[in-house]
Amino acid sequence: MKCPNCNSEMFVTDETVNTRSQVTFYRCSLCVSEHVSSEPVFEATSQESSSYFDAPAADTKRYLMV
């Protein structure tokens with residue numbers, strides 16, 4: 001990543017990942033400015049959790065609207 005202040009290369013100082021996001025902290029080695037970048041985390045769907053329409057009729061929950 002390039003520094004927005006001096007356009008030199010930034011290095012990663014810390015990285016935090018949880019179930020919702022990945023946050024990366026950068027620092028410039030020349031002007032010592034900091035930058036934070038965050039991205040959402042998308043988990044791959046597992047085989048166990050099938051779609052509502054793919055599941056057999058006996059396995060699906062049916063809701064009664066009253």
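How many salt bridges does the count come to in this chain? Let's keep that one in mind while I walk you through the model.

Hi everyone. A word on the ground rules: this is a predicted model, where local features need pLDDT of at least 70, side-chain atom pairs count only at pLDDT 80 or more, and totals for chains, interfaces and linings use all residues. Residues are numbered from 1 along each chain as its sequence is written, and side-chain values use heavy atoms, with hydrogens and water left out.

Let's begin with the overall layout. The chain has zero helices and three strands, in the pattern β-β-β along the sequence. For the record, helices (H or I, at least four residues) and strands (E, at least two) are DSSP runs, numbered from the N terminus.

Those strands make an open sheet in the order E1-E2-E3, with antiparallel pairing. At its edges are strand E1, residues 10-17, and strand E3, residues 34-40, each pairing on one side only. From one strand to the next, the twist averages 20°, using axes that are lines fitted to C-alpha atoms, with angles running from 0 to 180 degrees between N-to-C directions. Pairing here requires that DSSP finds at least two bridges between two strands. E1 and strand E2, residues 21-28, run antiparallel and are joined by seven bridges. As an example, phenylalanine 11 has arginine 27 in E2 as its bridge partner.

Arginine 27 takes us back to my opening question. The answer is two salt bridges, where the rule asks for a side-chain nitrogen of Lys or Arg within 4 Å of a carboxyl oxygen of Asp or Glu. Arginine 27 meets glutamate 34 in one of them, at 1.8 Å from N to O. Glutamate 34 counts as exposed at 56% relative accessibility, while arginine 27 is partly exposed at 28%. Those labels work like this: buried is under 20% relative accessible area, exposed is over 50%, and partly exposed is in between, with a 1.4 Å probe and protein chains only. There is also a salt bridge between glutamate 9 and lysine 2, whose closest N and O atoms are 3.8 Å apart. Glutamate 9 is partly exposed, at 46%.

Now for a few individual residues. Which residues does threonine 24 touch, not counting those up to four places away in sequence? Threonine 24 sits in strand E2 and is buried, with a relative accessible area of 9%. Its contacts (heavy atoms within 4.5 Å) are Val12, Asp14, Glu15, His35, Val36 and Ser37.

Serine 8, in the segment before E1, is buried too, at 16% relative accessibility. Apart from neighbours within four places in sequence, serine 8 contacts Met1, Lys2, Cys3, Cys28 and Leu30.

Past the sheet, valine 41 lies in the segment after E3 and is partly exposed at 29%. Beyond its neighbours within four places, valine 41 is in contact with residues including Asn18, Thr19 and Arg20.

Finally, some whole-chain numbers. Of the 66 residues, 14% are buried. Among contacts between residues at least 6 apart in sequence, 16% join residues at least 24 apart. The chain exposes about 6100 Å², with carbon and sulfur atoms supplying 53% of that area, computed by the Shrake-Rupley method with a 1.4 Å probe.
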